[in-house]
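Here is a note for a colleague who is opening this structure for the first time. Please read the points below with the sequence and the model side by side.

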Amino acid sequence: MFARFLTPNLVTPAPGPVEIGSPEEYAMGSLTHVENAQAYLGRDERGFYAIVAICTHLGCTPRLESNEFACPCHGSRFARDGSVLASPATRALDRAFVGRNANGKLFVDRSRIVDANYRFTL
């Protein structure tokens, strides 16, 4: 059990874009965990955005709990927008590129980190 505590639950990013479905599948104001993209897809009045589900401390997978992200490994906490609320993480969760392919489906590309203000609009 002690060894499990010392070994974080790390994730290995999938290279390139991952298709995540139709825009209609994501309601306005939603923040949805998309497991195959290792990201949370958000939709607000400005468009779609993706928060990478990898803690910036040691790479564990934070979970959305009570409207904030909690990292189960070392206790980092992040606001709904990905900004740091509690250490040991000192940097906000990354944002990934969101786009739309030729078939009209949304995709998340975690290999392309974007600014927190980036939104994909239809």
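1. Two strands are taken to pair if DSSP finds at least two bridges between them, and strands themselves are DSSP runs of E with at least two residues, numbered from the N terminus. In these terms, strand 1 and strand 10 run antiparallel and are joined by four bridges, and valine 18 has valine 108 in strand 10 as its bridge partner.

2. On the source: this is a predicted model, in which local features need pLDDT of at least 70 and side-chain atom pairs count only at pLDDT 80 or more, while totals for chains, interfaces and linings use all residues. Residues are numbered from 1 along each chain as its sequence is written, and side-chain values use heavy atoms, with hydrogens and water left out.

3. Six strands make up an open sheet with antiparallel pairing, and their order is 1-10-9-4-3-2. Strand 1 and strand 2 (31-34) are at the edges with a single partner strand each, so one side of each has no neighbour in the sheet. From one strand to the next the twist averages 35 degrees, where the axes are lines fitted to C-alpha atoms and angles run from 0 to 180 degrees between N-to-C directions.

4. Within this sheet, strand 2 and strand 3 run antiparallel and are joined by four bridges, with alanine 39 in strand 3 as the bridge partner of valine 34. Strand 9 and strand 10 pair in the antiparallel sense over six bridges, and one of the pairs sets arginine 95 against valine 114 in strand 10.

5. Strand 7 (residues 77-79) and strand 8 are joined by two bridges, and phenylalanine 78 stands opposite valine 84 in strand 8.

6. Which residues have the most contacts inside the largest nonpolar core? They are Ile20, Leu41, Val98, Leu106 and Val108, in a core of 16 residues. A nonpolar core is a set of buried Ala, Val, Leu, Ile, Met, Phe, Trp, Tyr and Cys residues joined through side-chain atoms within 4.5 Å, and buried means under 20% relative accessible area, exposed over 50% and partly exposed in between, with a 1.4 Å probe and protein chains only. Strands 1, 3, 4, 9 and 10 each supply at least two residues of this core, and strand 4 gives the largest share, three residues. Apart from it lies another core, of 13 residues, including Leu31, Tyr49, Ile51 and Ala89.

7. A search of the whole structure finds three aromatic pairs. Rings of Phe, Tyr and Trp (its six-membered ring) pair if their centres lie within 6.5 Å, and planes under 30 degrees apart count as stacked, over 60 as edge-to-face and the rest as tilted. The rings of phenylalanine 97 and phenylalanine 107 have centres 6.0 Å apart and planes at 40 degrees, so this pair is tilted. Phenylalanine 97 is buried, with a relative accessible area of 16%, and phenylalanine 107 is buried with a value of 16%. Ring pairs link Phe97, Phe107 and Tyr118 into a cluster.
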